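The exercises below concern two interfaces in a predicted model. Each task is followed by a solution in steps.

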Amino acid sequence: MKKVYAEVLDEMDLREKAICVPPAGCAVLAYDYIDIDMVEAPHGRGAAVATGIKRVRPENLVFSYQGDGDLAAIGTAETLHAANRGEQITIFFVNNAVYGMTGGQMAPTSLLGQKTTTSPAGRDPGREGYPIKVCEVLAQLGAPAYLERVAVNKPAAIRNTKKAIAKAFQYQLRKTGFSLVEILSPCPTNWKLNSVESCAWIDDVMSKVFPLGVIKETTC
Amino acid sequence: MKRLMSGNNAIGEAAVLAGCTCYFGYPITPQNELPEYMAKRLAAVPDGVFIQAESELAAINMVLGASVAGARAMTSSSSPGISLKQEGISFLAAQELPAVIVNMMRGGPGLGNISPAQSDYFQATRGGGHGDYKIIVLAPASVQELADTTALAFDLADMFRTPVMILGDGMLGQMMEPVTFPAKKKERHLAHADYVLTGAKGRPARLVKSLILDPKEAEDHNWKLYRKYQRIEQQEVRYETFMLDDAAMAVLAYGTAARIARGAIKRLREEGLKIGLIRPLTLWPFPNKIIQDTAKHLHDFFVFEMSTGQMVEDVKLALEGKARVHFYGRPGGVVPTPVELSRIISRHYYQSQKRKK
């Protein structure tokens, strides 16, 4: 995923314009791989930090990179309200249906029946509620300009992801509004599957709950 | 020219004149006049940014973003809201980002009330959030001082790349007094701007972070912050004294409590009681030295706070048992009169005199 957006930055010649807000979680180490300006945000607050940066530097390309716990649990309010204000920022929302860095706890996007270290009997809607469909929730708001869900489980899907990222950046550069790309991403370690099985699980199970495609798009 | 203004509004005007272009906040009494002022005032400032955030958490993190993008940014709240901001303040301190935070304290704990109180002294002077850090805490006592302190807060924040808190209370925020502002808008002098994120154009990429997984490296970072705090302790202690020279008892109070104490001392002086005042203007760094020097001449210190007693602990630490420490507190939003306080001080004063004989 990091490689994908790094490639897009280079192809669109945006490296020197970009300011990235990595989150708490595995993705925080992005700065070890990608040579752009970055500032860490507290867990969940990526959209608020990105808002502050973008309002001061509207000429820069500002994006955050957040996981499902970060964005859809602890940072729900920040995400929803940044989207609702139509902040000219881009969010990459990596959805792997689990808290990865802390060791595989239940995420707000964990599927019904999914076994995690904190839902050992499987996610029960009567006890733990339903997986949150972030793009669909945000699509109810007036302001967001571009919301798309993609995946990175096979070459064709990765090419699609790249296109979606480029499109999201375009939306920001043209000051069209808030953009978010949700990326279904495998976490073989915490899913306790091998990498082939993980990629298949995205197709066979996960994308049935989180359908791929454009969820909302205004004219760019 | 003098203008009649409320404390909250005066902070707003002073902030804009100090070059603050970004304000982020969430409504809470008794400080709502400040965001309201900023909403109007920043609309008239080129590059002015005002956002009514969805929460105090969001507000402080917008401050973080604006600060790392190179703007002078501030937020304000009152006690319960300041608790929520502590996570962000810890990050600002760890990432060494300048910011100004205003706390117009109210009665607590919990929801408490909206009356003036001084119950957040510990939270403010001990860092407030998680981790080994301190923030500069300024304690003005009039509308004019609120204005002057606001300009100072932005300068100190820049100079030391650290969050600075202005610790007022509901009384200071709401009351109106004449105030003068500098005639000209101040140019910002950003001595250490190499942290500002602008996009890595023609320079290596910059990274502003606080995650340091290697404990030894994290230890170095902690000691680096500690050395900065030592420099602040050496350079930035501020206080004021009143009728202290011939005093037999020194009253210690800050902010609104110091104004009440001053009134009480004036009355007691008329009755011939030799009482003086030490008023800390910086609560951290705390004015230890003047307290220690004063203890060479007198042996009774009387601490008055609108709390059950928080600053009194710093006074005791400064004195290291070398003098008696008396205390009077009114928590929960009660603001006593100078007459009430003068009676209490007078009783302690005569008891001490008797003890000496």
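**Exercise 1: strand pairing between the chains**

A:Met38 stands opposite B:Leu207 in E9(B). Determine how E2(A) and strand E9 of chain B are joined and how they run.

Solution. Step 1: place the strands; E2 of chain A covers 37-39, and E9 of chain B covers residues 207-208. Step 2: take the bridges; two of them join E2(A) to E9(B), and the strands run parallel.

**Exercise 2: the contact of chain A with chain B**

Describe the contact between chain A and chain B by residues, buried area and polar pairs.

Solution. Step 1: chain A contributes 32 residues and chain B 35 residues. Step 2: about 2,600 Å² is buried between the two chains, with 62% of that area on carbon and sulfur atoms. Step 3: three salt bridges are counted between chain A and chain B. The side chains of B:Arg203 and A:Asp37 form a salt bridge at 2.6 Å, N to O, within the 4 Å limit. Step 4: residue pairs in polar contact, both at pLDDT 80 or more, number 15. Step 5: on the chain A side, E1 (18-21), E2 (37-39), H2 (46-56) and H4 (76-85) each supply at least two residues. The largest share, seven residues, comes from H2(A). Step 6: by class, this side of chain A has 15 nonpolar, five polar and twelve charged residues.

**Exercise 3: the two domains of chain B**

Solution. Step 1: domain 1 of chain B spans 3-235 and domain 2 spans 240-356; their C-alpha centres are 29 Å apart. Step 2: 32 residues of domain 1 and 26 residues of domain 2 take part in the contact. B:Asp314 and B:Arg126 meet through their side chains in a salt bridge of 2.8 Å, N to O. Step 5: several elements of chain B, including helix H5 (121-125) and helix H8 (215-235), each supply at least two residues of the domain 1 side. Step 6: that side divides into 18 nonpolar, seven polar and seven charged residues.

Conventions. Residues numbered from 1 in each chain as written. Chains lettered and ligands numbered in written order. Predicted model: local features only at pLDDT ≥ 70, side-chain atom pairs only at ≥ 80, totals over all residues. Heavy atoms only, no water. Domains from an automatic or database assignment. Contact = heavy atoms within 4.5 Å. Helix = DSSP H or I, 4+ residues; strand = E, 2+ residues; numbered from the N terminus. Nonpolar A, V, L, I, M, F, W, Y, C, P; charged D, E, K, R; others polar. Buried area = accessible area lost by both parts, 1.4 Å probe. Polar contact = N/O pair within 3.5 Å; in protein donor to acceptor, adjacent residues only side chain to side chain. Pairing = 2+ DSSP bridges.
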